[in-house]
Amino acid sequence: MAARGPGLAIMLLLAGAAVAHAGEDYRVVPAEMLRDWWQPAPGNPQPRWTRGIGSESPSGCAAVALRIEPDGSVHQVRIIREGWTPMSPYLHRLLDQSIVRAARTSRYQPGILNRARAPVYTYMVDTIISFTSPNEVVNDAKHKEVAGFAKAITAKCDVPDFVRRVARATDTPMPGH
């Protein structure tokens with residue numbers, strides 16, 4: 001009998017869903033499992049904030065979908081969800097471009113579940129927190145406040161049903177169906 005309900009969700013999260021694309025099988029892996037499949041290589045670029053972005057003190061997040069190839073390179077990068085503070089459309093585009101460029105030029109090494117270097121389709125959340133005052137004193141209380149704020153912002157860009165959405169979009173049967 002096929003797994004149903006929470007059991008199926010847990011199975012998908014543990015194994016990821018296998019999807020065929022262009023003659024090649026790859027795993028669709030939720031963001032929280034990416035490090036088990038692929039780990040960022042040392043020296044990966046961070047998004048570069050174009051001059052002027054900081055003047056609007058943006059805070060927020062972007063969920064970036066990407067495909068990691070067997071050689072650790074990245075392809076098919078796109079933003080799938082955002083949650084930014086208000087800013088000018090021009091600076092918003094610059095911020096998005098910077099995040100996509102950093103993701104596209106990143107490299108990965110196989111994780112503990114992926115010694116065979118299977119390609120993976122996943123997403124990651126990039127979070128930015130800006131302070132409006134450059135002279136603000138950062139103490140333990142402020143670190144805790146920022147950590148809580150970062151967690152709340154990151155949650156806005158979480159895609160808990162990512163594996164299911166990709167399977168539905170590609171007409172791929174889910175395991176157990």
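**Pocket notes**

I began with the second largest pocket, and by class its lining holds six nonpolar, one polar and two charged residues. Here Ala, Val, Leu, Ile, Met, Phe, Trp, Tyr, Cys and Pro count as nonpolar, Asp, Glu, Lys and Arg as charged, and the others, Gly among them, as polar.

I noted that the model is predicted, so that local features need pLDDT of at least 70 and side-chain atom pairs pLDDT 80 or more, while totals for chains, interfaces and linings use all residues. Residues are numbered from 1 along each chain as its sequence is written, and side-chain values use heavy atoms, without hydrogens and water.

I looked up the term: on a 1 Å grid over the protein atoms alone, a pocket is an open set of points where a 1.4 Å probe fits, with protein on both sides within 12 Å along at least five of seven lines, and lining residues have an atom within 4 Å of a point.

I listed the lining of the second largest pocket: R78, I80, Y121, V159, F162, R165, V166, A169 and T170. The largest share, four residues, comes from α5.

I turned to the largest pocket, which 19 residues line; L34, P40, Y108, M124 and V125 lie nearest its centre. In this lining 14 residues are nonpolar, three polar and two charged. Strand β7 gives the most, with four residues. Helices (H or I, at least four residues) and strands (E, at least two) are DSSP runs, numbered from the N terminus.
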